[in-house]
Amino acid sequence: MAFDRSDVEKIAHLARIAISEDEIPATTAKLSGILSLIDQMQAVDTTGIEPLAHPLETTQRLRPDSVTEQNQRDAYQAIAPATEAGLYLVPKVIE
Amino acid sequence: MHEKTLAELSQALRSKAISSVELTQHYLKRIEQFDGALNSYITVTPELALEQARTADARIAAGDAGPLTGIALAHKDLFCTQGVRTSCGSKMLDNFIAPYESTVTQRFIDAGTVMLGKTNMDEFAMGSSNESSFYGPVRNPWNSEHVPGGSSGGSAAAVAARLCAAATGTDTGGSIRQPAGFTALTGLKPTYGRVSRWGMIAYASSLDQGGPMARNAEDCALLLQAMAGFDPKDSTSVDAPVPDYSASLNDSLKGLRIGLPKEYFSAGLDSATAAAIEAAVKQFQALGAEIKEISLPNAELAIPAYYVIAPAEASSNLSRFDGVRFGYRCDNPADLTDLYTRSRGEGFGAEVKRRILVGTYALSAGYYDAYYLKAQKIRRLIKNDFMAAYEQVDAILCPTSPTPAFRIGEKIDDPVSLYLTDIYTITANLAGVPGIALPAGFANGLPIGMQLLGPYFSEARLLNIAHQYQQHTDWHTRAPAGY
């Protein structure tokens, strides 16, 4: 299967990545090339094979439900693009 | 001073033949002299380095020094370093001053090392040539027209050109081993879970693993000793004892069983590389090892499976870069969607965007079973191949790459041809097994790399095998001309 322009536009929307009109042809071609590489997987019979999510097949550890972190808002907001009164600023969402 | 290996520098520091401040100043001078052309560092931190060097000298004077105290290192710019820009090779994080310290770099601080700076890398560790960096390509010290490999290309070039004693790298699909092979270094990718991922900017979380890049196996053993061990902050960190990696370096290789996977010696392998591996096989036999042909029948599926799993995990991990909390934000966003899409469209480079798009597609409704689940099943087959092989042999020997370092620009317009260069390294990441890369020869002045892969948690044995090889060969002692 190869991608066409509308596939790329749809995926770019899902990924929230703006792609300019100029970039679409090259992006479409390169993604199609990658897709045909990936599609080599389809030739293999994997019936009955359990998927492997983690090489050592361990599960996530649990820890006691106790407070371990201190509030670091000032440190983290010091590197934010725009903040006010301890809040992150974004363009108006609700009119 | 820079001729010395890390182990030799460690001796010189502790016997007070040199001071850490002298060593640090020496490397800073070399960085100033050579790195304009090489581009191996993104950020050099002279003030911090000299402050750490003074602290190290005080520790040495007080008799409170470990083997790494006072050693000047460089860290891949993917490890968060508090108060120092951590860019991950991306415009997205060009303005990111890390608010906390990664576990790996904190362990090095505790060991008393000096950080000279942060090394260049492929953007978000996505690449095999260091050409996708926002900060420009890195040149290979062995031939400046060639790539140093990637994604830890800056670390490789900096160590090879003697602009630091050693460096950290990370390996998701070969990003320590392939550049080590391209620059005649020794680099180790530990077992998944051996080294904490906390504070490493995530690319593909089920594959990412940090490790050392140095001049020889002895130096890697000293570095891994500081890096390895359980970290409660990393949810996949393994709580298992860490052996003394230096203690077994001199063990004999008599009776060691080494496997040669026949799939890795087929068409596509450069003849000089094949000849170098053949010579290494003879050397290992002379050291008492027994060589067997083995099979990793699903090896050729590793690249297709990797290019689903890694992009899928990347698309999820990189969703945090939204222009809101840190990192790049576009100018004058019209609304929230415009803020997200343009910040990401402008902040990420072409290869990162491609991988996010591939991953988004693989995880999108209706395609999950055909791509992500299928790739995870193939991942199981690849792991099973290794488990079967390790019933017959103790280690697997193969090249790190099909050819020595290629030219800058040679593969830049064809992502698939670049992906295929990782054919020999990716399987170890999918299976989670450790691997060590080391130099095995040269062709036309460019290094040839080989790697030894082992069972889970066999790092000490791999270091031992590499060290024994290096006691009887001198490839690892060669330095690029002009540095």
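This is a predicted model: local features need pLDDT of at least 70, side-chain atom pairs count only at pLDDT 80 or more; totals for chains, interfaces and linings use all residues.
Student: What radius of gyration does chain A have, against that of a compact globule of 95 residues?
Tutor: Start with the make-up of chain A: three helices and two strands. In sequence order they run α-α-α-β-β. A compact globule of 95 residues would come out near 12 Å, but chain A has a radius of gyration of 22 Å.

Student: What share of the residues in chain A is buried?
Tutor: The C-alpha trace of chain A spans about 55 × 45 × 25 Å along its principal axes. To count as buried, a residue needs 20 or more other C-beta atoms within 10 Å of its own. Of the 95 residues in chain A, the buried share is 16%.

Student: Why is chain B described as being as compact as a globular protein of its length?
Tutor: Chain B holds 15 helices and eleven strands. For its 483 residues the globule rule gives 23 Å.

Student: What percentage of the contacts in chain B between residues at least 6 apart join residues at least 24 apart?
Tutor: Buried residues make up 63% of chain B. Its C-alpha trace spans about 65 × 55 × 45 Å. Among contacts between residues at least 6 apart in sequence, the share joining residues at least 24 apart is 76%.

Student: Which helix of chain B gives the most to the side that touches chain A?
Tutor: The interface brings 55 residues of chain B into contact with 38 residues of chain A. On the chain B side, α9, α10, α11, α12 and α13 each supply at least two residues. By class, that side has 31 nonpolar, twelve polar and twelve charged residues. With eleven residues, the top contributor is α12(B).

Student: Which residues does Leu116(B) contact beyond four places in sequence?
Tutor: Nonpolar side chains tend to be buried together in soluble globular proteins. Leu116(B) has contacts with Tyr27(B), Leu28(B), Ile31(B), Val44(B), Thr45(B), Ala49(B), Ala72(B), Leu73(B), Ala74(B) and Cys164(B).

Student: How far apart are the end C-alpha atoms of α8(B)?
Tutor: Helix α8(B) has 16 residues, 271–286. At 1.5 Å a residue, they should span 22 Å. The model agrees, with the ends 23 Å apart.

Student: Is Leu222(B) buried or exposed?
Tutor: Leu222(B) lies in helix α7 of chain B. Burial takes 20 or more other C-beta atoms within 10 Å. Leu222(B) has 22, so it is buried.

Student: What distance separates the C-alpha atoms of Leu222(B) and Pro67(B)?
Tutor: Leaving out residues up to four places away, Leu222(B) touches Leu6(B), Ala7(B), Pro67(B), Leu68(B) and Ser246(B). Leu222(B) and Pro67(B) are 155 residues apart along the chain, yet their C-alpha atoms are separated by 7.4 Å.

Definitions and conventions:
Residues are numbered from 1 along each chain as its sequence is written. Chains are lettered from A and ligands numbered from 1 in the order in which they are written. Two residues are in contact if their C-beta atoms, placed from the backbone, lie within 7 Å. Helices (H or I, at least four residues) and strands (E, at least two) are DSSP runs, numbered from the N terminus. The radius of gyration is taken over C-alpha atoms; the globule rule is 2.2 Å times the number of residues to the power 0.38. A residue is buried if 20 or more other C-beta atoms lie within 10 Å of its own, exposed if 12 or fewer, and partly exposed in between; C-beta atoms are placed from the backbone. Ala, Val, Leu, Ile, Met, Phe, Trp, Tyr, Cys and Pro count as nonpolar, Asp, Glu, Lys and Arg as charged, and the others, Gly among them, as polar. The expected span of a helix is 1.5 Å times one less than its number of residues.
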